[in-house]
Amino acid sequence: MRLAILDDFQNAVRSVADWSVLEDRVAITVFNDHVADMDKLVKRLEPFEIVVCIRERTLFPRALFERLPNLKLLVTGGMRNLGIDLQGAKDNGVVVCGTESIGFPTAELTWGLILATVRNIPREVESVRNGGWQVGLGVGLRGKTLGVVGLGRQGAPVAGYGKAFGMNVIAWSQNLTAEKCAEHGVEKAASLDDLLTRSDVVTMHIILSERSRGMIGAAQLAKMKRSAFLINTSRGPIVDEKALIEAVEKGTIAGAGLDVFDTEPLPSDHPFRRMDRIVATPHLGYTCKEGYEQFFGQGVGDVDAWLKGKPVRIMNP
């Protein structure tokens, strides 16, 4: 059988798991580039019975499954992937299997983005590398207010980091309770507007859905302090990109730290690549050694179990 590993930008997937246990039964091909065009993607994937994808880098809608009659198994990191049409896979005879995941890398990356954004770290590093010295004046976090939108698997530890830095932490989401806030020792904001108005740093930690798409637009950005920063490590479309670009350019807010975008990889001519007050990282939240070892160690196990006729961690039973 033939197995494709997609979108391995860092050429790291083969090194974080023991793929040799499959090689007597499967021929493995690794693709390091990304293909977005549907026709080109179909042509690439047509020969393969098994595909291992890296989170949501390549989307698998129903229309793609319908054009890949050879595909029988799709493996993804994590047990939730909004880029895969699970029913579409099932209707076309494709088993989708997932893996367990570790939660801390994205929360840690979030805090790295907060520090990099409020202290202008990328610009200062660039200045040193170019022979210069200090070029700006960052702000401190102690005594400031951190607004956490979503107090779940990512938001809760980020709130804890904020408290460790001496920040006042408030949180809000549509279903968040006062009891959950009390459990984490943070204040429940009265509303999203209340959180945006009071916070010096706003960080997004909710899943992308029709309810959250475009949650932060021009009207919401206008409610933030001119000295405030927005951080997004959840999903790009939660924040209206055009509105954010305009808000940063006009000084409506002080800046933003972003790890996620509407289109990924980020187009080469995108404004986020050149704006001084935007710190942009290439969707690094889950991409650390420990996270990959979990995803692809168990991913190998998924393939092995399926080949033996006993699939595990099925997402579309």
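So, the largest nonpolar core: it has 32 residues, and Leu230 and Leu244 are the ones touching the most other members. By nonpolar core I mean buried Ala, Val, Leu, Ile, Met, Phe, Trp, Tyr and Cys residues joined through side-chain atoms within 4.5 Å. Buried is under 20% relative accessible area, exposed is over 50%, and partly exposed sits in between, with a 1.4 Å probe and protein chains only. Keep in mind this is a predicted model: local features need pLDDT of at least 70, side-chain atom pairs count only at pLDDT 80 or more, and totals for chains, interfaces and linings use all residues. Residues are numbered from 1 along each chain as its sequence is written, and side-chain values use heavy atoms, with hydrogens and water left out.

Which elements give two or more residues to this core? The top contributor is α10, with 5 residues. Those labels are DSSP runs numbered from the N terminus: helices are H or I, at least four residues, and strands are E, at least two.

Back to Leu230. Setting aside neighbours within four places in sequence, its contacts include Val202, Met204, Ile216, Leu244 and Ile253; contact means heavy atoms within 4.5 Å. There's also a second, separate core of 24 residues, with Ile114, Val148, Leu176 and Val279 among them.

Okay, aromatics. The whole structure has 8 aromatic pairs. Rings of Phe, Tyr and Trp (its six-membered ring) pair if their centres lie within 6.5 Å; planes under 30 degrees apart are stacked, over 60 edge-to-face, and the rest tilted. Trp111 and Tyr161 are edge-to-face, 6.2 Å centre to centre with 70° between the planes. Trp111 is in helix α4 (residues 104–118) and Tyr161 in helix α6 (residues 155–164), so this pair ties together parts 50 residues apart in sequence. Is Trp111 buried or exposed? At 6% relative accessibility, Trp111 is buried, while Tyr161, at 26%, is partly exposed. Trp111 also pairs with Phe165: centres 5.1 Å apart and planes at 50°, so that one is tilted. Elsewhere, Tyr286, Tyr292, Phe295 and Phe296 make up one aromatic cluster.

Last stop, helix α1 (residues 38–45). Its buried residues are Leu41, Val42 and Leu45.
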